[in-house]
Amino acid sequence: MEMCPWCKEGTVVNTSDSVYWELPDGTKAIEITDTPSKQCDGCGACFQDDDIVKEIEDQLFLINTAQLAKAISFDGLMKLPRLLKRNYFDFS
């Protein structure tokens, strides 16, 4: 079982949740529904693993965000066609 990184007492379970993300150009924020998440059974914190955060940020950087509605599912977002094959500005 994974311990909560926030309260260090509870354990986390896999879940899905809506998250709100500002677009890379700062023009608006969107809701991303059914996002893979984790929730603490102690403090109630709901959060995403670093790999999910990176996946969302890379995808938002690589697609035409002008076509996005105010809300989209995580799977729907990940299936949108990319303008570039990968994020060439990520030097990590």
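**View 1. Antiparallel pairing of strand 1 with strand 2.** In this predicted model, strand 1, which spans residues 12-22, and strand 2, which spans residues 29-40, are paired in the antiparallel sense over 10 bridges. Within this pairing, Tyr20 is found opposite Glu31 of strand 2. In a regular strand, side chains alternate between the two faces of the sheet.

**View 2. The hairpin turn around Gly26.** The hairpin formed by strand 1 and strand 2 has six residues between the strands, and Gly26 adopts a positive phi near 75° there.

**View 3. The order of elements along the chain.** The chain contains two helices and four strands, and, read from the N terminus on, these elements follow the order β-β-β-α-β-α. Taken along the principal axes, the box filled by the C-alpha atoms of the chain has dimensions of roughly 40 × 30 × 20 Å.

**View 4. Burial and contacts within the chain.** Of the 92 residues in the chain, 29% are buried, where buried stands for a relative accessible area under 20%. When contacts between residues at least 6 apart in sequence are considered, 46% of them join residues that are at least 24 apart.

**View 5. Surface and charges of the chain.** The chain has an accessible surface of about 6200 Å², and carbon and sulfur atoms account for 52% of that surface. The chain carries 9 positive and 16 negative charges, and the mean position of the positive charges lies 8 Å from the mean position of the negative charges.

Technical notes
Residues numbered from 1 in each chain as written. Predicted model: local features only at pLDDT ≥ 70, side-chain atom pairs only at ≥ 80, totals over all residues. Heavy atoms only, no water. Buried < 20%, exposed > 50% of the residue type's maximum accessible area, 1.4 Å probe, protein only. Contact = heavy atoms within 4.5 Å. Areas by Shrake-Rupley, 256 points an atom, 1.4 Å probe, with all protein chains shown as cover. Lys, Arg positive; Asp, Glu negative; His and termini not counted. Charge placed at Lys NZ, Arg CZ, Asp CG, Glu CD. Pairing = 2+ DSSP bridges.
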